[in-house]
Amino acid sequence: MQTNTVPATDSIVSVKGLRKTYPDGVTALDGLDLAVAKGTVFGLLGPNGAGKSTTLKILTTLSYPDQGEASIAGVDVLSEPDVVRRSIGYVAQRSGADIQSTGMENLVLQARINGFDRGEARHRAAGLLDRFGLSESADRLVKTWSGGMQRRLDMALALIHGPQLLFLDEPTTGLDPEVRAELWDAIRTLCYVDGVTVLLTTHYLEEADRLADRIVIIDHGRVVAEGTPGELKDGMRGDALHIELTSTDMVGLAMGVLSAANLREVVAEGRSVHARADRGAEAVPVVLAALDAAGVRVLEVTVNRPSLDDVFLRHTGRRFATTENERTA
């Protein structure tokens with residue numbers, strides 16, 4: 001695993017040794033260390049129950065760790081939560097907008113709550129409505145807006161007070177690909193034009209691959225992989241073979257056959273077996289012949305270049321799609 005190499009002076013988020021165990025005995029964080037560089041998009045990934053939500057709750061001052069330190073923009077999250085809240089914005093998985101009010105009313109109220117006078121509140125609201133392409137709908141009730149428009153309003157609400165750091169917790173869930181791509185552009189502009197640091201969680205690996213400057217994968221409350229998307233994929237030597245069998249009863253036998261054929265990182269998942277080979281296309285005929293000779297019946301074989309899903313599988317033992325199915329079940 002690569003270690004975090006962000007110098008402390010360039011970090012807007014610094015987390016050291018966070019530990020958190022809930023009353024039911026579940027350990028959510030087990031010595032978590034993170035550093036997020038200023039002016040970047042940082043992707044936080046992990047399977048269901050890995051500790052992502054607990055990490056966000058602590059960083060956004062909604063929960064406390066049992067041990068460890070966390071600071072944002074040099075301010076201690078535990079001892080100065082009010083100061084931290086003024087420097088962060090948070091877009092939750094579910095919209096926080098009042099759908100019975102207009103877009104302008106939502107933003108003005110949020111600005112007033114943050115201490116701006118009425119004139120400045122309206123000025124900030126108008127600027128953000130224009131920024132996110134919502135000006136023409138500013139005086140319509142939010143319940144009449146599309147899902148994509150409501151999500152852009154959520155981002156505007158989180159930015160009304162000018163935060164340095166924006167938390168985006170699965171911001172594009174349920175949006176169609178076109179709207180998702182529009183939000184990606186908005187996120188890039190926020191980061192690279194306005195200098196707002198973005199900490200992103202997502203259940204779309206493509207989103208993390210396309211947006212994140214750096215990715216951390218956590219599992220069982222600890223960092224298990226870290227690097228740029230390119231670095232993480234380059235660390236996966238060879239091609240990925242994914243073999244779907246007709247029955248889970250044959251998985252053990254198939255794993256033995258693949259290991260005997262000198263394939264690496266052989267992992268079982270349901271009735272599928274995953275492995276790595278230096279030359280995947282050349283390995284397929286050999287592998288199929290060996291499986292057939294052993295009496296293992298195969299439904300499908302695919303060969304892929306390394307992807308973030310392969311990185312996720314290597315470090316967590318599960319494919320990303322499987323963890324998302326668990327989350328929504």
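## Sheets, helices and pockets in a predicted model

Strand E11 (residues 239–245) and strand E14 run antiparallel and are joined by six bridges. Helices here (H or I, at least four residues) and strands (E, at least two) are DSSP runs, numbered from the N terminus, and two strands pair if DSSP finds at least two bridges between them. This is a predicted model, where local features need pLDDT of at least 70 and side-chain atom pairs count only at pLDDT 80 or more, while totals for chains, interfaces and linings use all residues. Residues are numbered from 1 along each chain as its sequence is written, and side-chain values use heavy atoms, with hydrogens and water left out.

**The sheets**

Let us stay with E11 and E14 for a moment. His242 stands opposite Thr302 in E14. Both strands belong to an open sheet of four strands, with the order E12-E13-E11-E14 and antiparallel pairing. Which strands form its edges? They are strand E12 (264–269) and strand E14 (298–304), each of which pairs on one side only. Neighbouring strands of this sheet are turned by 15° against each other on average, direction ignored.

Another open sheet has four strands in the order E2-E1-E4-E5, again with antiparallel pairing. Its edge strands are E2 and strand E5 (75–76), each pairing on one side only. Strand E4 (residues 67–72) pairs with E5 in the antiparallel sense over two bridges. You can look for Ser71, whose bridge partner in E5 is Asp76.

**How the helices pack**

Two packed helices are described by the angle between their axes and the distance between the axes. Axes are lines fitted to C-alpha atoms, for helices over the stretch in contact, and angles run from 0 to 180 degrees between N-to-C directions.

| Helix pair | Angle between axes | Distance between axes |
|---|---|---|
| H3 and H4 (residues 118–131) | about 130° | 8 Å apart |
| H5 and H6 (residues 177–192) | roughly 15° | within 10 Å |
| H3 and H5 | roughly 20° | within 9 Å |

Angles under 35 degrees count as roughly parallel, over 145 as roughly antiparallel, 65 to 115 as roughly perpendicular and the rest as oblique. H3 and H4 are therefore oblique to each other, whereas H5 and H6 are roughly parallel. H3 is roughly parallel to H5.

A crossing is left-handed if the near helix is turned anticlockwise from the far one by less than a right angle, and right-handed if clockwise. H3 passes H4 in a right-handed crossing, H5 passes H6 in a right-handed crossing, and H3 passes H5 in a right-handed crossing too.

**The pockets**

Rolling a probe the size of a water molecule over the atoms shows where empty space is left. On a 1 Å grid over the protein atoms alone, a pocket is an open set of points where a 1.4 Å probe fits, with protein on both sides within 12 Å along at least five of seven lines; lining residues have an atom within 4 Å of a point. Grid points are joined across faces, edges and corners, and a volume is the space filled by probe spheres set on the points.

The largest pocket has a volume of about 510 Å³. Its lining has 24 residues, and Gly89, Tyr90, Gln110, Leu157 and Ala158 lie nearest the centre. Helix H2 (81–86), strand E6 (88–91), helix H3 (103–113) and helix H5 (147–159) each supply at least two residues of this lining.

How much space lies in the second largest pocket? It holds about 380 Å³. Of the 23 residues that line the second largest pocket, Lys52, Ser53, Thr54, Gln93 and Asp169 are the closest to its centre. Strand E2 (27–37) and helix H1 (52–59) are the elements that give two or more residues to this lining, and H1 gives the most, with five residues.
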